[in-house]
Amino acid sequence: MFPVPASRPTPAPAPAPAPAPTPVPVTIPEPALDARLLVPPPPGVEPAPFVDRRAALRDRRGVPVVPPAPRVEVDEHQGEGLGARFLRLPLIAHAALLLALLLLLLPVVGLKGLFSADEGAALVQAHHLADGHGWIVAPSFPAADPSGRYYPFELSDRGTKGYAPYAKHPLYPVILAASIATLGESGPFVVSIFGTVLAALLAAAMARRLDKRLAVPTLWVVGAVSPLFFDSYLVIAHSPGAAMAALAAWAALAFVLDRRNGRLVLALAAAAVCILLRTEGLFLVAAVAASALLYALTKRNVRAAVAGVLLLGTAVVSHVFEGRWSEQILGPGRAVAKGLAQDSGPFGKLGAFMTTWVSGSETTAGVLAIAAFMGLAIAAYIARRHPDDENGVRVFCTAAVVASVLFVVLAPAGQVTGLLAAFPILLAGFILVRRDGLRNPVALGLWISWWLFALAVLATQYDSGGSGEWGGRYFAIGLPLIIPVVLDAFRRTGIGLPPASRKYALVALASVSVLMSVQAVRTLRYSHQESVRFVDSVTSRAQVTPAGDGEEPVIIATRGLVPRMAWAHASDFRWLLIPESQVGHLGHDLGQLHARLAKLGVDQAVVVGRGPEGQRQVHHGFAVTHVQKFGDWWVDTVRVDDLVASATGAASAPVSSGSTPPA
């Protein structure tokens, strides 16, 4: 029997060999192109076939090298519409386009004629300076009016040296005179246009601090649809004053927030010029200073305190300097024409507020202008309180657009005195401003500055507002400060609206604003043409009415705006002004004046007035040889000898009817 051998242990399987490493592609920068490859081969030699050497490249480990993928340029603005590309233009390009638009509209509005009689006072003063005759404008008929009681230009500043039609703010006539000497008759309008563009550009710069997307819309709103658009064609310093106000606020912000010391000097200089141009500029500079001081108290900011104190000091120094300048022009004992302040009761101030903020026009069609801004205001309230109510926003936006269209179609070309009526989006913007939007110190500072300024003007303006105006002209210089805040409120509210409602509201806001600007151009063109026709009716009648003493014809006005509207003819005739309040029932002052005229050898004169009551007073007992109508104005030729007789109770000669030009 054989022994069983012991079993051997089963050997373990050999481990599997490790797999070969997978080549990892390595991307290397594309080699620079050899300049020798750009040299063409000699004539008759075929070029060598192209060999992609990179395909055979391998790194040190033998891994093939993958060539880099070609770079593809992607246009992030691809697919944008024309409007979006327009908005992306540089801000300075938009300012240039705005300037071009305003200049192109100047011939449409017209270089001849005026909208307000205040423009005539500034122009007669500026031309007197430009012609080298100095400040004092002598009476045109001193022999008949040795005391100057009937000086033709009402509201003129006067002193021991004589009369100056516009010396209360001497800087403005100096600027106008320089523009006339440089650009001719269009110079004063170019000054206003440039002021509007500069104000719009600076307002856009302040809006950029709130949101960079607001810059371009702010520029166009300020320059093309706000009342400053209308003021671009007025010669009353509103646009230049607004530009200086915006410059002072912008530079003050840069000094306080950006710590740029040089901006403080610019802010103080702009504030001084603003005060020297407009009376209400004093209120605006003081409001900006108060806002800076409030920021200094709440944030313990030393730079804001310095800016506020120096702005207040600049306001005081500028006001005193202007008074000394006027006194130097007029001499001691000067009597400056009444400014903004007027003593009146609360009802007078309420009437002034309604005129300068609410009134649409003097006609019943003005109700449509009021309906336009009220429609936008209600839509704004719904958008703020009930942003999901798309129907409510659309209904009232549509109502505002329809009211604006009807206003432009039905309303005659006339003034829109109210700020809210002429600038419909303003009230809607006020409603949309929220506390979270005012957390930005720029927005809060501009908001506080605007309301302090507006309240000061409301407390001191005339009971009748700004007389001939468009959109509360006393508030114009503050618009560059408030518009950025208002547009930021629109932006914040629009974010919470459904896209369709947001687009609908935007179209409505733009439509109402543009339609009001169309009405502004119509009003300017109409007023310029009508003022030219009216002045022509007066001067043409005077040209065929010789005085009889061998000198220029005599024109007697019973309304102060007549000589100022006819400022270009100040030296062509001998002007006298007797306000209707001084005429009296029997024309006592008029009788005394005509007695003096008779002694001077004046046989006849032209009397200009307005309204049937004024005509009845002047004609009572007087001989009228010619009656000429222009709307509700009358331009009559009277015989001086009969006027003298009427003053002593003699009977008058019959009245003969004359031509009646179209109104």
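Does Leu155 count as buried or exposed, and at what relative accessibility? With a relative accessibility of 53%, Leu155 counts as exposed, because the cut-off for that class is over 50%. The model that this briefing describes is a predicted one. The protein has 663 residues, of which 49% count as buried, and its secondary structure consists of 24 helices and nine strands.

**Overall build**

**Nonpolar cores**

- The largest nonpolar core is made up of 157 residues, and the residues with the most contacts inside this core are Tyr233, Trp357, Trp450, Phe475, Ile482 and Val608.
- Phe475, one of these residues, touches Thr356, Trp357, Leu419, Trp450, Phe453, Ala454, Val457, Leu458 and Gln461, when residues up to four places away in sequence are not counted.
- Another core, which lies apart from the largest one, has 18 residues, and Leu593, Ala605, Val624 and Trp634 are among them.

**The second largest pocket**

- The second largest pocket holds about 1600 Å³ of space, and of the 48 residues that line this pocket, Leu87, Leu214, Pro217, Leu487 and Leu506 are the closest to its centre.
- The elements that each give two or more residues to the lining are helix H1 (82-87), helix H2 (91-109), helix H6 (215-225), helix H13 (366-385), helix H14 (390-410), helix H16 (425-432), helix H18 (479-495) and H19.
- Of these elements, H19 gives the most to the lining of the second largest pocket, with 13 residues.
- By residue class, the lining of this pocket divides into 36 nonpolar residues, five polar residues and seven charged residues.

- Ser517 has its place in helix H19, which covers residues 499-543, and Ser517 counts as buried because its relative accessible area of 10% falls under the 20% cut-off.
- When residues up to four places away in sequence are not counted, Ser517 touches Ala224, Val225 and Phe229.
- Val538 also lies in helix H19, and Val538 is buried as well, since its relative accessible area is 2%, which is under 20%.
- Leaving aside neighbours within four places in sequence, Val538 is in contact with Ile555, Trp575, Val608 and Val635; of these partners, Val608 is one of the residues with the most contacts inside the largest nonpolar core.
- Val538 and Ala566 are separated by 28 residues in sequence, while the distance between them in space is 8.8 Å from C-alpha to C-alpha.

**Two loop residues with positive phi**

- Leu155, the residue of the opening question, is found in the loop between helix H3 (117-130) and strand S3 (157-159), and Leu155 has a positive phi of about 60° although this residue is not a glycine.
- Arg300 lies in the loop between helix H10 (281-299) and helix H11 (302-330), and the phi of Arg300 is near 55°, again a positive value in a residue other than glycine.
- Arg300 counts as exposed because its relative accessibility of 76% is over the 50% cut-off.

Terms used: Residues are numbered from 1 along each chain as its sequence is written. This is a predicted model: local features need pLDDT of at least 70, side-chain atom pairs count only at pLDDT 80 or more; totals for chains, interfaces and linings use all residues. Side-chain values use heavy atoms; hydrogens and water are left out. A nonpolar core is a set of buried Ala, Val, Leu, Ile, Met, Phe, Trp, Tyr and Cys residues joined through side-chain atoms within 4.5 Å. Buried means under 20% relative accessible area, exposed over 50%, partly exposed in between (1.4 Å probe, protein chains only). Contact means heavy atoms within 4.5 Å. Helices (H or I, at least four residues) and strands (E, at least two) are DSSP runs, numbered from the N terminus. On a 1 Å grid over the protein atoms alone, a cavity is a set of points where a 1.4 Å probe fits but cannot get out, and a pocket is an open set with protein on both sides within 12 Å along at least five of seven lines; lining residues have an atom within 4 Å of a point. Grid points are joined across faces, edges and corners, and a volume is the space filled by probe spheres set on the points. Ala, Val, Leu, Ile, Met, Phe, Trp, Tyr, Cys and Pro count as nonpolar, Asp, Glu, Lys and Arg as charged, and the others, Gly among them, as polar.
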